[in-house]
Amino acid sequence: MDAREMKIKAAAVALEHVEDGMRLGIGTGSTAEEFVRLLAEKVANGLKVECVPTSERTARLCVELGVPLKSLDELPQLDLTIDGADEVDGHLRLIKGGGGALLREKIVAAASARMIVIADESKVVDTLGRFPLPIEINPFGQVSTRIAVEKTAERLGLTGQMALRTSGDGLFMTDGGHLILDASFGRIPDAEALAIALNTIPGVVEHGLFIDLATLAIIAGPAGARVIDAKN
């Protein structure tokens, strides 16, 4: 299987967890979009679901394909969120935010009874950090916030380049009007400690470390799909 076929396989296995009448959170990114396409086929054949998108991009695809949408304020408690990940380890700790939707993704995941991650084998790591960690920051005081993030990382023994994400000729802006600071630490031995430390920095809106949120990961590879369970 090529990369897209693996994403479709993971999405298809995740779809087996969706039941009629569910309130679903729908993630952002290429793998989540494959799930939306498969879900749309089920909806067209009579499946009843209500979905909360984690980004404007996902919302547009859902509207285009006829997947019924609600806001999180309308559906503040969800049964299940299905989303991709930039990295996942054996304990279901994640790095997310490569698509720039990490704040909404985390809010939706936290509002869900369960979160299933769908990904291909290339996203599985022993230790998080190979993928740059996205840190969503407020534009106001961005230089001060960056300095604070750098000092926090140094205290935890983390080094590596940090750069504001760009788009076209300017800075990338999230759906919430924030900036993304991509931190290339290379390896994060203690993701929990870093998550706690980043949460104490006032200018940090959110970060891409998703810890204790995913309950299951469906990982697709050339030989098929396998499952990483939070109980393991």
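Predicted model: local features only at pLDDT ≥ 70, side-chain atom pairs only at ≥ 80, totals over all residues.
**A sheet and its salt bridges**

Strand E6, residues 112-120, and strand E14, residues 216-221, run parallel and are joined by five bridges. Both belong to an open sheet of six strands, in the order E2-E1-E3-E6-E14-E15, and the pairing is mixed. Which strands stand at the edges? They are E2 (50-53) and E15 (224-229); each has a single partner strand, so one side of each is left without a neighbour in the sheet. From one strand to the next, the twist averages 20°.

On to the charges. Side chains of opposite charge can pair when their charged atoms come close. How many salt bridges does the structure hold? There are 13.

Take aspartate 79 and arginine 23, whose side chains meet at 2.9 Å, N to O. Aspartate 79 sits in strand E3 and arginine 23 in strand E1, 56 residues apart, so this pair links distant parts of the chain. Aspartate 79 is partly exposed at 22% relative accessible area, and arginine 23 is partly exposed too, at 29%.

Next, arginine 93 and aspartate 89 form a salt bridge with their closest N and O atoms 2.7 Å apart. Here arginine 93 is partly exposed, at 21%, while aspartate 89 is buried, at 2%.

What about aspartate 182 and arginine 165, buried or exposed? Both are buried, and their closest N and O atoms are 2.8 Å apart.

Finally, Arg4, Glu34 and Arg37 are linked in a network of salt bridges.

Terms used: Residues numbered from 1 in each chain as written. Heavy atoms only, no water. Pairing = 2+ DSSP bridges. Helix = DSSP H or I, 4+ residues; strand = E, 2+ residues; numbered from the N terminus. Axes fitted to C-alpha atoms, helices over the stretch in contact; angles between N-to-C directions. Salt bridge = Lys/Arg side-chain N within 4 Å of Asp/Glu carboxyl O. Buried < 20%, exposed > 50% of the residue type's maximum accessible area, 1.4 Å probe, protein only.
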